[in-house]
Amino acid sequence: MLPERWAHEVDRWRCEHLAGSGLRFVPAENLHLTLAFLGRREPGEIDLLRELLDGVAASIQRPVLVPAGYRETGRVAMLVLDDEDGRAAALQAAIAAKLAARSLYRPERRRWLPHVTVARVRRSRPRRTPPVQLVPAASPSEIALYSSTLRPTGAQYKALHTAELCG
């Protein structure tokens with residue numbers, strides 16, 4: 001989970017540098033870094049997912065994530081993060097491996113990119129280059145298992161379980 005204070009800093013940054021851009025901001029409380037997207041799961045799998053999350057979290061130290069760039073695709077605007085110590089990548093790889101071993105996840109072919117989706121793109125516009133160096137580094141202390149419900153106003157997230165990272 002991203003620190004609440006950091007999410008508010010990102011919110012302030014995008015309001016200052018992306019306002020009037022035609023982007024639809026992701027609510028600050030929904031800003032997150034996805035380690036593995038699981039899709040629809042059976043209720044009986046939730047306890048196993050909690051157990052796997054706890055095991056991985058206990059073995060990985062808190063990562064340090066530094067904003068490194070801003071990118072827009074046809075659908076999203078994202079703050080790309082530099083995983084300075086490699087801990088976020090190690091965390092993602094460990095989670096992906098544990099989930100894949102239980103046939104709960106199929107790892108993506110492309111390399112994992114640490115990023116936070118900050119907005120949805122409504123329509124194609126000129127690309128922006130906001131100064132990402134104004135956003136402070138983040139050091140998440142927890143990972144979470146989320147349930148998401150799609151609504152006309154955007155996804156609504158609910159934490160089903162959190163696990164504290166060591167160190």
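Buried here means under 20% relative accessible area, exposed over 50%, and partly exposed in between, using a 1.4 Å probe on protein chains only. Helices (H or I, at least four residues) and strands (E, at least two) are DSSP runs, numbered from the N terminus. The model is predicted: local features need pLDDT of at least 70, side-chain atom pairs count only at pLDDT 80 or more, and totals for chains, interfaces and linings use all residues. Residues are numbered from 1 along each chain as its sequence is written, and side-chain values use heavy atoms, with hydrogens and water left out.

**View 1. Helix α2 and its buried side.**
In α2, have a look at Ile-46, Leu-49, Leu-52, Leu-53, Val-56 and Ala-57, which are buried. Around the axis they cover an arc of only 125°, so they sit on the same side of α2; the arc is that of the directions from the helix axis to the C-beta atoms. An α-helix has 3.6 residues a turn, so residues three or four places apart point the same way. The buried residues of α2 pack against α3, β5 and β6 (154-164), with contact meaning heavy atoms within 4.5 Å. On the face turned away from the buried side are the exposed residues Asp-47 and Glu-51. The end C-alpha atoms of α2 are 16 Å apart, which agrees with the 16 Å that its 12 residues should span at 1.5 Å a residue; the expected span is 1.5 Å times one less than the number of residues.

**View 2. Helix α1 and what covers it.**
Trp-6, Ala-7, Val-10, Trp-13 and Arg-14 are buried in α1. Down the axis of α1, its buried residues fall within an arc of 120°, so they line one face of the helix. Their cover includes β1 (23-25), β2 (65-72), β3 (76-83) and β4 (115-121). Glu-4, Arg-5, Arg-12 and Glu-16 are the exposed residues on the face of α1 turned away from its buried side.

**View 3. The largest nonpolar core.**
A nonpolar core is a set of buried Ala, Val, Leu, Ile, Met, Phe, Trp, Tyr and Cys residues joined through side-chain atoms within 4.5 Å. The largest one has 44 residues, and Trp-6, Leu-79, Ile-95, Leu-99, Val-118 and Ile-143 have the most contacts inside it. Two or more residues each come from α1, α2 (46-57), β2, β3, α3 (87-101), β4 and β5 (142-151). Helix α2 gives the largest share of this core, six residues. Zoom in on Leu-79: not counting residues up to four places away in sequence, Leu-79 touches a list of residues including Trp-6, Val-10, Trp-13, Val-116 and Val-118.

**View 4. Thr-117 in its strand.**
Thr-117 is found in strand β4, and at 17% relative accessibility it counts as buried. Leaving aside neighbours within four places in sequence, Thr-117 is in contact with Val-26, Leu-31, His-32, Val-76, Ala-77 and Met-78.

**View 5. Ser-139 in its loop.**
Ser-139 lies in the loop between β4 and β5 and is partly exposed, with a relative accessible area of 24%. Apart from neighbours within four places in sequence, Ser-139 is in contact with Pro-3, Arg-62, Pro-63 and Val-64. The C-alpha atoms of Ser-139 and Leu-65 are separated by 6.2 Å, although the two are 74 residues apart along the chain.
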